[in-house]
Amino acid sequence: MSQRNPAISKGVDWSLVWIWFILCSLGIMSIFAASYRDGDIVLQGFISLKTDYSRQLLFFILGGIAGIFILLTDSKFFTATANLGYAFGILLLLLVFPFHSRIKGTESIIKFGSAFNLQPADMCKIFVNLALAKYLSRVETNFTRPRSQIIAVVIALTPAMFSIMQSEMGLALVYFSFFLVMFREGLPSSVLIIGFSFAVLVVATLLVEPNTLALALTGVALLAIYILRKQIKRSKGVFMLVASIWFVCVGVQRFVVPFLFEHVFKPYQVQRIYALIGKDYVPKDQATEVALEDEQKNITRRNSNNNNYNVKQSKIAIGSGGLIGKGLLKGTQTRFDFVPEQRTDFIFCTIGEGFGFVGSMLFLGIYMLLLMRIVAVAERQRSVFSRCYAYGVASVLFFHIVINICMTIGLAPVIGIPLPFVSYGGTSLMTFSIMLFILVRLDADRQMVLR
Amino acid sequence: MSVFNQSRSNIIRLIFAGMFLVIAAQLFHLQIISGKYKKLAEENALFRKSIYPTRGIIYDRKGRSILNNTIMYDLMITPSQVRNIDTAYFCQLLGIDTAEFRSRILDARFKNGPFRPSIFEDLLPPDMYARLEENIWKFPGFNLQERPVRTYPFDAAAHIMGYVGEVDSAILKRSNNFYQLGDYVGRSGLEQSYERELMGQRGIEFWLKDNRNRLVDHYQNKALDTPAVAGKNLRTYMDIELQQLAERLLAGKVGAIVAIEPRTGGILAMASGPGYNPNSLTGPAKQENYGRLALDVSGPLLNRAIKGQYQPGSTYKPLGALIGLDEGVISPASGYPCLGLYTGCARPVKCDEHKPGHAANLRLAIANSCNSFFINAFRLEVDNSEFHSSRAGLMKWKEYVNAFGLGHRIGVDLPSEDAGNIPDTAVYDKEYHRSWNSCTMYTMGIGQDKMTVTPLQMANTMCIVANKGYFYTPHFVEKIDGAGEDDTILNRFRQRHEVLTHIPDANYEVVQSGMQDVVEIGTGRPARIPGIDMCGKTGTAENYRIFEGKRIKLRNNAVFVCFAPRDNPRIAVAVVVENVGYGGTYAAPIASLIVEKYLNDTLRAESREKVESIASSDLMPTYLVRAQFLADSIRAATWALQTGDSTRLQKYTNRASRAALLDTMHKIHTFIPVQPKMPADKPKQTPTPKPELPVKGAGDSTR
């Protein structure tokens, strides 16, 4: 960015801008590597806007322009419009229901003409982040009080609920990353622990025979009662606590998870989760089976094969990279569409195959640097708003990075969320760029106390 | 508040770092520890494509290509790209209906997937290709692909050249997986014998596949590829015009012609009748044609020159003379007082010549083909007192005959040569319980009894007689282009076999004089060519066949062997024609025409007329019509029995259609053997009751 213009560059954290630049460049390069075919004219490909990498380049430039505009904006604008923006975001989410166009098996996209797609569930991340920061930074908010905590959770999870209703499970899960912000701002660590335990319980439910798990849980509860027998003698409350925990656990295991799988998740999502833990999903009834097959057809049209295949091919691609990789454009797996959705969700394969373990580590290092830098930036803020916002950015990025990469290496179910700044996709690139530049803008005014 | 929760930033940093560590560990596992992914990736994305070189060309002695390559076209289909085509028009071009069209598309989709090209119709006939080529742009998803095909520009030498076909499981196993499914290999003739030379060296190209198994690009810019090396060309001794003449002369006959260059052992021509057009086994209708040829009871696929086992008859006599002379049991001056009958043993044998003194000496005996003289000579050889017993005598005799190249495979460079038969003591011991003497097998002296030879062997004996004792293993290939002098394949043909050079030249001169007399004044006069000193010998053998439980006598097989010119032999010929009567009318003229054509490089006007008349005569054994009918109807009946589908059988059971069928197959229905008048070399009565079938599966086509 131009350092000749002191008005813009004053206080800007250039390391973040550079990391943004490097990541976007890596992204364009990876998309180029994944979609370039021998004989294509490179320069023409970049100029024509017909190729994916040229379009990504365009969005990269647009992202930069948006960044300049954001840097020219007053920081107070963001605090002032945070709630308004949130309301606008929710409105967009609601508008999706009547106006969505069904493409690629999702119901979360509004189409404007043929060229521009709007996915409010994705964009809403910015508004939620701002709104949450705004709420947490309010002088009146006492975040130690459960009421405030519940309000914060509602702010964060309302778009998630709409996302689920729009069949965008992956995007919905992203909103859970805001719990990290709340944790930083004083949410009891027990909430995180309980959440984590809940996740473990869900996975265990999938892995272990229901009755065995119920017996095991009962055993754990009895053991806890035995260990805590002195405390229980003193107060019946402890006993009640253990009993209720046991009750909740078994309830989750016996009723909540099956309910989620049968009524909330789409059959193909259930199948993906099952595939991840290495089990075959047998649909319970005829209707589910039919639905699954329909969905399968949709997906087949999109991905050319099922998700087992995706993950397997992705693992082969990354694994075949070895220590130093095959080199740019030398990858055999990533270049010939073995990995479906390769430019978008599975872009990491290109890096894993082309540059091997060393390249992947450097790539992860850049992300790590970005996250650590954002946390560092967050901690130097004087205003709570900026800090919350920074943590929000870090959490969302973290969630995207970890889930996306875990997806490609077989550690997470394929829920289809992009790799920030790298995956192909205009909306995603713009959203992340705007998020990051708002952070840079807020950080430039770190001496100011924003409310 | 922020100060209060400061420590939590570290926890968040820890969470970030922890998750990244997990990812790093998994990456380490995938990329460094686990080696299987590299291999999986190669299986995924690399395709070893075999590049087939063009097969070698086979030339004749004047550099004309007898077996060459040409391009035919396959119609390929890529099912996924087929859309919006005028199916009706397309089917009309191909001559199929839409149901067939659909089933073929489904078939291609099923076998090779929708994204890879498969063959829709292979080896398009030229007219269909022309029609499609103009219109192929109208049919997206279809394209025409070149395919090299063997072609025989002279339509000749089918049995010698052989044909190529897809490998079968036996070849695959034998080759130790050198061949792959779908490869073409030589299945007979020189194509099979010189497979390794003709096929060249397969190249390998590494291609990158995409997720739909389409080949996308060369891998690493062809760095690992090995180029294909074209097959080596073969230079043969053959004279294709001579070959064409030989095949022409055998038209409508069962028999064989072999012509060898005695000085080198190079085979100039080798024909077998009935034959077939070699191009019928390369083009679009090859399967159909092959089926027809294979089911023909006259055996057109059989190369009788190396597979036909015939009694040599009198053509053995020059050999008998040489053996007798060498053993010292006869001399050029010895004679036999024959008056038309040999009476030395219990059963007399007739001799065609009655004039007293027709066997006054060896030369006369050969010229007049005296049976008595040679039976006597044979008995003298077997009962030679030098060996003390007839057993030892017979074995010694066998040794001589084997030295003449009879009774074992000569080793010609064609696959599946027959050995013929020269019996030894063991055979007679078994049959006669060890009580036999020279009278038991005395007709072997006139080339009958259990003696059988192939036409190739007969021609080779002539080479030995012409060369006065040595021969080179008969072979076709003179040179392999690009092979050095030390190549091992042809070395065995360059080795001179001095099998009988110990017999003095004087003895050969006597025998050759006798054989020259055969052509000049004796039984082989029809073979005489003005200005050429030719030595020859006629032969006739009776031809019996067991058919429908009855032993029928067919007309005799005519045999003629010769070489010319006498002083500097350049060609030795053996001719066998089945079912023609006697040697003079067919075998001798045929041999003579071959010699004339080769030595003079042209034919006189009268010879050309002779060619016409011989070529136009149909001498196929008549029983073949019925034999074909039987074979076909039995096959139809078996089919009906196995499948319950009797439609094929009906035309054989229905009286009217059956008569019509037999009638269209052949006009003649008689099985009465024709006993021809024999002016010269007459057949001898065979004492053994069992007839030697002249040729395995000999017979006629459905003419």
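Which strands of chain B does helix 21 of chain B lie across? The views below get to that, starting with how the model is set up. This is a predicted model, so to speak: local features need pLDDT of at least 70, side-chain atom pairs count only at pLDDT 80 or more, and totals for chains, interfaces and linings use all residues. Residues are numbered from 1 along each chain as its sequence is written, while chains are lettered from A and ligands numbered from 1 in the order in which they are written.View 1. Helix 21 (residues 587-600) of chain B lies across strand 11, strand 12, strand 18, strand 19 and strand 20 of chain B, at about 150 degrees to strand 20 of chain B. For angles like this, axes are lines fitted to C-alpha atoms, for helices over the stretch in contact, and angles run from 0 to 180 degrees between N-to-C directions. Helices (H or I, at least four residues) and strands (E, at least two) are DSSP runs, numbered from the N terminus. The sheet itself is open, with five strands of chain B in the order 12-11-20-19-18 and antiparallel pairing. Strand 12 (266-273) and strand 18 (535-547) of chain B are the edge strands, each pairing on one side only. From one strand to the next, the twist averages 10 degrees.

**View 1. Strand 20 of chain B and its partners.** Two strands pair if DSSP finds at least two bridges between them. Strand 11 (residues 255-261) of chain B runs antiparallel to strand 20 of chain B, with six bridges joining them; look for Ala256(B) opposite Val576(B). Strand 19 (residues 550-564) of chain B is also antiparallel to strand 20 of chain B, joined by seven bridges, and Val559(B) stands opposite Val576(B). Strands 19 and 20 of chain B make a hairpin, with six residues between them. Further along the sheet, strand 18 of chain B pairs with strand 19 of chain B over 12 bridges in the antiparallel sense, and there Gly536(B) sits opposite Cys562(B).

**View 2. Both faces of strand 20 of chain B.** Is this strand mostly covered or uncovered? Mostly covered: seven of the seven residues of strand 20 (residues 571-577) of chain B are buried. Here, a residue is buried if 20 or more other C-beta atoms lie within 10 Å of its own, exposed if 12 or fewer, and partly exposed in between, with C-beta atoms placed from the backbone. In a regular strand, side chains alternate between the two faces of the sheet. On one side you'll find Ile571(B), Val573(B), Val575(B) and Val577(B), and on the other Ala572(B), Ala574(B) and Val576(B), all buried.

**View 3. Ala246(B) and its surroundings.** Ala246(B) belongs to helix 10 (residues 240-249) of chain B. Why does Ala246(B) count as buried? Because it has 31 C-beta neighbours inside 10 Å. Setting aside neighbours within four places in sequence, Ala246(B) is in contact (C-beta atoms, placed from the backbone, within 7 Å) with Ile257(B), Ala269(B), Ala271(B) and Ile594(B).

**View 4. A three-stranded sheet in chain B.** This open sheet has the order 1-8-9 (chain B) and antiparallel pairing. Strand 1 (46-51) and strand 9 of chain B are at the edges with a single partner strand each, so one side of each has no neighbour in the sheet. Its twist averages 45 degrees from one strand to the next. Strand 1 and strand 8 of chain B pair over six antiparallel bridges, and Leu46(B) has Leu208(B) in strand 8 of chain B as bridge partner.

**View 5. Where chain B touches chain A.** Here 32 residues of chain B are in contact with 39 residues of chain A. On the chain B side, helix 1 (6-33), helix 2 (36-45), strand 8 (203-209) and strand 9 (215-218) each supply at least two residues. Helix 1 of chain B gives the largest share, 15 residues.

**View 6. The bend in helix 7 of chain A.** Helix 7 of chain A bends by about 35 degrees at Leu157(A), and Pro159(A) follows within four residues. That bend is the angle between axes fitted to the seven residues ending there and the seven starting there. Among the buried residues of helix 7 of chain A are Ala152(A), Ile155(A) and Phe162(A). The buried residues of this helix pack against helix 5 (75-99), helix 6 (120-137), helix 8 (169-175) and helix 9 (178-184) of chain A. After helix 7 of chain A comes Ser167(A), with a positive phi near 60 degrees.

Definitions and conventions. Contact = placed C-beta atoms within 7 Å.
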